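Subject: Structure handover

Hello,

I am passing on the structure below. Please look it over before reading the notes that come after it.

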Amino acid sequence: MRQKFDLHVHTSASDGSLTPRQLVERAKELSIATIAITDHDTIAGVTEAIEAGVGLGVNVIPGVEISVDYGPGTMHLCGYCFDIADKRLLDALRRVRDGRASRNPRIIEKLNALGMSIAMEEVAGEAGGDVIGRPHMASVLVKKGYVANIKEAFDKFLAKGASCYVDRMRLERGAAVDVVRNAGGVCVLAHPSALRLPSESSCRGFFIELKKAGVTGVEAFSSHHTEEENAVFVRLAGEAGLFVTGGSDYHGSSKPDVELGVFGETVSAEIGTIMAAMSRHAGRPLT
Ligand code: AMP
Ligand code: FE
Ligand code: FE
Ligand code: ZN
């Protein structure tokens with residue numbers, strides 16, 4: 001029987017609603033054999049998840065999701081199987097988190113200027129770790145009745161281009177790849193539909209560029225994609241010589257439509273094949 005897996009999940013260390021341990025328990029309930037923890041710009045949840053995984057018999061892979069400089073869409077890179085004590089990686093992630101922290105008060109000022117009463121302490125109260133960002137502001141806006149739901153909070157106020165958006169420091173693409181690889185990890189492009197590339201040929205060209213920059217895989221299977229998009233990204237990844245992974249981008253109750261382990265009806269990727277590809281690129285065996 002094929003083993004279930006999910007290589008893109010968030011915990012309360014960033015903007016997911018479950019603690020790392022609760023997340024691993026959920027994976028166990030759903031008979032998911034392997035998960036990767038990919039919090040935004042932090043690996044603070046990884047150790048707890050690995051420890052919980054050992055007890056419950058769930059294979060937990062260290063990971064991180066890094067937002068990199070890109071426009072007009074968004075580009076997220078997932079790093080996997082790096083040394084979780086690597087100083088350069090930890091420093092780079094800290095710089096990105098600092099960038100988010102210095103931007104938060106500026107968004108709050110804009111929300112206040114539009115007449116919404118929201119304070120940084122309330123926003124911090126929504127977060128489970130030291131990654132505090134727009135999803136936590138969105139939760140406060142919902143709780144206080146300024147918007148009906150998280151989506152409305154982003155659409156009206158928080159999304160790129162919306163009235164209260166403020167940009168933040170992101171790593172340059174090459175720097176993000178280098179820092180993950182230097183820590184012994186491999187880089188995978190997350191949910192390529194977010195790039196908003198205008199055509200298949202531009203996407204193929206972009207994948208080829210990424211491959212030259214040291215990215216080795218593509219999250220072709222994603223809950224962000226339609227079945228058709230999944231199939232297109234599998235084909236384009238193959239043409240560019242990139243291996244294919246899959247992930248749900250699970251956030252728990254912060255994104256209630258997305259379930260752990262679900263990223264398409266016709267997933268053809270196998271966890272054994274993915275781990276073999278990652279081992280090849282990392283230059284050492286990974287389990
Ligand atoms: P930040 O880290 O503050 O830049 O916020 C980015 C996070 O907000 C992303 O990782 C998503 O989880 C969430 N997000 C971004 N855009 C939207 C949206 N339109 N609707 C809901 N959540 C979003
Ligand atoms: Fe998120
Ligand atoms: Fe993402
Ligand atoms: Zn994600």
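This is a predicted model: local features need pLDDT of at least 70, side-chain atom pairs count only at pLDDT 80 or more; totals for chains, interfaces and linings use all residues.

Residues are numbered from 1 along each chain as its sequence is written, chains are lettered from A and ligands numbered from 1 in the order in which they are written, and side-chain values use heavy atoms, with hydrogens and water left out.

Metal sites

The iron ion (ligand 2) has three protein donors listed by atom: Asp 15 (OD), His 40 (NE2) and His 251 (NE2), at 2.1 to 2.2 Å. Donors here are N, O and S atoms within 2.8 Å of the metal (3.2 Å for Na, K and Ca); water is not among the atoms, so sites may look incomplete. Along the sequence, the spacing of these donor residues is D-x24-H-x210-H. Two of them bring distant parts of the chain together: His 40 lies in the loop between strand 2 (32–37) and helix 2 (46–56), and His 251, 211 residues apart from it, lies in the loop between strand 7 (243–247) and helix 10 (271–282). Helices (H or I, at least four residues) and strands (E, at least two) are DSSP runs, numbered from the N terminus. His 40 counts as buried because its relative accessibility is 12%, and His 251 counts as buried at 2%. Buried means under 20% relative accessible area, exposed over 50%, and partly exposed in between (1.4 Å probe, protein chains only).

The iron ion (ligand 3) is 6.0 Å from the iron ion (ligand 2). Glu 65 (OE), His 76 (ND1) and His 191 (NE2) coordinate the iron ion (ligand 3) at 1.9 to 2.2 Å, with the sequence spacing E-x10-H-x114-H. Here too the pair of histidines links distant parts of the chain: His 76 is in strand 4 (residues 75–80), and His 191 is in the loop between strand 5 (186–189) and helix 8 (200–212), 115 residues apart. Both His 76 and His 191 are buried.

Ligand 1

Residues around ligand 1 (those with a heavy atom within 4 Å of it) include Asp 15, His 40 and His 251, which are also the protein donors of the iron ion (ligand 2). Oxygen atoms of ligand 1 lie 2.7 Å from a polar backbone atom of Arg 134, 3.2 Å from a side-chain N or O atom of Arg 168 and 3.4 Å from a side-chain N or O atom of Lys 255. On its own, ligand 1 has 500 Å² of accessible area, of which the protein covers 77% (Shrake-Rupley method, 1.4 Å probe). Helix 3 (87–113) and helix 5 (134–143) are the elements that give two or more residues to the shell around ligand 1.

Two single residues

Val 215 is found in the loop between helix 8 and strand 6 (217–222), and counts as buried at 1% relative accessibility. Its C-alpha is 9.5 Å from that of Asp 178, 37 residues apart in sequence. Ala 240 belongs to helix 9 (residues 227–240) and is buried, with a relative accessible area of 9%. Between Ala 240 and Val 166 the C-alpha distance is 34 Å, at a sequence separation of 74 residues.

Regards

How values were computed: A polar contact is a pair of N or O atoms within 3.5 Å; within protein, one must be able to donate a hydrogen and the other to accept it, and residues adjacent in sequence count only if both atoms are side-chain atoms.
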